[in-house]
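User: I am new to this structure and would like to go through it step by step. Please take my questions in turn.

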Amino acid sequence: MEILVVVDMQNDFVDGALGTKEAVEIVPKVAEKIRLFKDGTNSRVLYTRDTHEENYLDTQEGRHLPVRHCIRGTQGWEICPEIELLRKEQPIDKPTFGSPVLGQLLKAQDEDLKKQRKEGITSVTLVGLCTDICVISNALLVKAFLPETPVIVDASCCAGVTVESHQNALQAMNMCQIQIIGQ
């Protein structure tokens, strides 16, 4: 089974509180990637959603990044409309950069497929925002939960806080045996 993970394609990261022009530019590419992925019997599209509460500024992350964003129930927390239209599964809400729930879900699905004498998860591809924070965190987390499964990041469907930090994150992931495509 092939997995596509769409990381934090939320309004606040696209054109809201922490949005960038690069983030806006990848939205159609991410939508096309989802459409071409053919979610079905041998594939699955999962979504993560950065989720903070009203006390965000009192958290460790909030003290280091004092910009209120992705507060549960706000417009900024919602997945951007172009991507939301394609979503078939409930997003995985995550209170910080990486999602252990995502890793646990993928590991359980891989084990379940193998118990059924199927191949298991054959690859996990990540796209989304931000390359240098949540994409890299989740790519490394997936690699930890599924060390023998190819983990891929499509750079053409990612954007970072800055162009430089995006490139640095891609180089770091490549060093950790995460395949970078779409450059």
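User: Which residue in S2 does Leu-4 stand opposite?

Analyst: The model is a predicted one. Strand S1 (residues 2-7) and S2 pair in the parallel sense over six bridges. Within S2, the residue opposite Leu-4 is Val-45.

User: Are the residues of strand S2 buried or exposed?

Analyst: In a regular strand the side chains alternate between the two faces of the sheet. On one side of S2 lie Ser-43, Val-45, Tyr-47 and Arg-49, and on the other Arg-44, Leu-46, Thr-48 and Asp-50; both faces are covered. Of the eight residues in S2 (43-50), eight are buried.

User: Which residue in S3 is the bridge partner of Arg-49?

Analyst: S2 and strand S3 (residues 92-94) pair in the parallel sense over three bridges. Asp-50 stands opposite Lys-94 in S3. For Arg-49, the bridge partner in S3 is Asp-93.

User: Which strands stand at the edges of the sheet?

Analyst: Six strands form an open sheet with parallel pairing, in the order S3-S2-S1-S4-S5-S6. A strand with a single partner has one side left without a neighbour in the sheet, so the edges are held by S3 and S6 (179-181).

User: What angle does the direction of H7 make with that of S5?

Analyst: Helix H2 (residues 21-37) packs on the sheet, touching S1, S2, S4, S5 and S6, and its direction makes about 135° with that of S5. H7 also packs on the sheet, touching S5 and S6. The angle between the directions of H7 and S5 is about 175°.

User: Why does His-166 count as buried?

Analyst: His-166 is found in helix H7 (residues 163-175). Leaving aside its neighbours within four places in sequence, His-166 is in contact with residues including Thr-131, Asp-132 and Cys-158. The cut-off for buried is under 20% relative accessible area. His-166 counts as buried because its relative accessibility is 10%.

User: Which element supplies the largest share of the largest nonpolar core?

Analyst: The largest nonpolar core has 27 residues, and Ile-3, Leu-106 and Met-173 are among those with the most contacts inside it. At least two residues of this core come from each of S1, helix H5 (100-115), strand S4 (123-129), helix H6 (131-145), strand S5 (151-159) and H7. The largest share, five residues, is supplied by H6.

User: How many residues does the second, separate core have?

Analyst: In soluble globular proteins, nonpolar side chains tend to be buried together. The second core includes Phe-37, Cys-70, Cys-80 and Leu-129. The number of residues in this separate core is 24.

Conventions. Residues numbered from 1 in each chain as written. Predicted model: local features only at pLDDT ≥ 70, side-chain atom pairs only at ≥ 80, totals over all residues. Heavy atoms only, no water. Buried < 20%, exposed > 50% of the residue type's maximum accessible area, 1.4 Å probe, protein only. Helix = DSSP H or I, 4+ residues; strand = E, 2+ residues; numbered from the N terminus. Pairing = 2+ DSSP bridges. Contact = heavy atoms within 4.5 Å. Core = buried A, V, L, I, M, F, W, Y, C linked by side-chain atoms within 4.5 Å. Axes fitted to C-alpha atoms, helices over the stretch in contact; angles between N-to-C directions.
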